[in-house]
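Here are my notes on the model, as numbered points. Please read them with the structure open.

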Amino acid sequence: MLTRKQYELLIFIDQRLKSSGVSPSFDEMKEALDLKSKSGIHRLITGLEERGFIRRLPHRARALEVLKLPDNALAGEPSSPGTTQKFKPNVIRGNFSSALPGASVGIAADAIDLPLYGKIAAGTPIEALRDNSNTVSVPTGLMGPGEHYALTVEGDSMIDAGIHDGDVVVLKRCDTAESGTIVVALVDDQEATLKRLRRKGASIALEPANQKYETHIYGPDRVRVQGRLIGLMRRY
């Protein structure tokens, strides 16, 4: 399965090869996908290569070969970045379970694959994890515009807010949030936690939803918002 950006990059490369016979440069890819750095393009190309969609041609600079396209692209679905058609990603049909690269895929207009970035502590903060190998299929109805990702909850400190251990939370990426919003907060650039954010003067409080846990208060320079909770999924 492909993420939105992987899909867009693959189609962009394919169209450029068909029109000119030459792979686009990394700068052209970065501009086409509206990314801030070429390191993001490197990660996307590596992901496409690992999934068998492209291969790098040896001893040739900027040389890429498209080996296959997703089924929806072959059927004439939306193609290049910047088009007005709505993107329809490849997703796993059925339940919302996560999948490893190489899993079989289907096409669904009502779901999209989001990166599942490991576990987030809903109790004592744990080191932030960015596991790019997993994705999860999420109903599009949970999401609006913007960039989204998912995390698996570990711990019970947000249980009174209806967030249980093992839930998959869906987050909209952002760097600020209103007081009272449940967010992923990165503390001291090392530890990530899922808490309700409260602003107390110049300080920021990260508040649990379980009386067993204490609210922690930090200076504003110690906390960075990484995303805002917009929904969750639960296995029974």
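1. Asp-34 lies in the loop that joins H2 to H3. In this predicted model, its phi is positive, about 60°, although Asp-34 is not a glycine. Most residues other than glycine have a negative phi. Is Asp-34 buried or exposed? Its relative accessibility is 68%, and a residue over 50% is called exposed, so Asp-34 counts as exposed.

2. Helix H2 covers residues 26-33, and it packs against H3 at an angle of about 95°, the axes being 9 Å apart. Angles of 65 to 115 degrees count as roughly perpendicular, and H2 is therefore roughly perpendicular to H3. On the H2 side, the contact is made by Phe-26, Asp-27, Met-29, Lys-30 and Leu-33. On the H3 side, Lys-38, Ile-41, His-42, Leu-44 and Ile-45 take part. Sorted by type, the residues of this contact are six nonpolar, one polar and three charged.

3. H3 also packs against helix H1. H1 spans residues 4-20 and H3 spans residues 38-50; the angle between them is about 85° and their axes are 10 Å apart. H1 and H3 are therefore roughly perpendicular to each other. Which residues of H1 meet H3? They are Lys-5, Gln-6, Leu-9 and Leu-10, and they face Ile-41, Leu-44, Ile-45, Gly-47 and Leu-48 of H3. This contact of H1 with H3 divides into six nonpolar, two polar and one charged residue.

4. Gly-21 sits in the loop between H1 and H2. With a relative accessibility of 53%, Gly-21 counts as exposed. How many residues separate Gly-21 from Ala-63 in sequence? The separation is 42 residues, while the C-alpha atoms of the two are 10.0 Å apart in space.

5. Turning to strands, E11 (residues 182-187) and E12 (residues 191-200) pair in the antiparallel sense over six bridges. Within this pairing, Leu-186 has Ala-192 of E12 as its bridge partner. The two strands form a hairpin with three residues between them. Asp-188 is in the loop between E11 and E12 and has a positive phi near 55°, again in a residue other than glycine. Its relative accessibility is 35%, so Asp-188 counts as partly exposed.

6. E12 pairs with E13 (residues 203-207) as well, in the antiparallel sense and over five bridges. Here Leu-197 stands opposite Leu-206 of E13. The hairpin of E12 and E13 has two residues between the strands, and Gly-201 takes a positive phi near 65° in it.

7. Last, some values for the whole protein. It has four helices and 15 strands. Of its 236 residues, 44% are buried. The accessible surface comes to about 12,600 Å², and 48% of that belongs to carbon and sulfur atoms. What share of the contacts between residues at least 6 apart in sequence joins residues at least 24 apart? The share is 59%.

Methods:
Residues are numbered from 1 along each chain as its sequence is written. This is a predicted model: local features need pLDDT of at least 70, side-chain atom pairs count only at pLDDT 80 or more; totals for chains, interfaces and linings use all residues. Side-chain values use heavy atoms; hydrogens and water are left out. Axes are lines fitted to C-alpha atoms, for helices over the stretch in contact, and angles run from 0 to 180 degrees between N-to-C directions. Angles under 35 degrees count as roughly parallel, over 145 as roughly antiparallel, 65 to 115 as roughly perpendicular and the rest as oblique. Contact means heavy atoms within 4.5 Å. Ala, Val, Leu, Ile, Met, Phe, Trp, Tyr, Cys and Pro count as nonpolar, Asp, Glu, Lys and Arg as charged, and the others, Gly among them, as polar. Buried means under 20% relative accessible area, exposed over 50%, partly exposed in between (1.4 Å probe, protein chains only). Accessible areas come from the Shrake-Rupley method with a 1.4 Å probe; for residues, only the protein chains shown count as cover. Two strands pair if DSSP finds at least two bridges between them.
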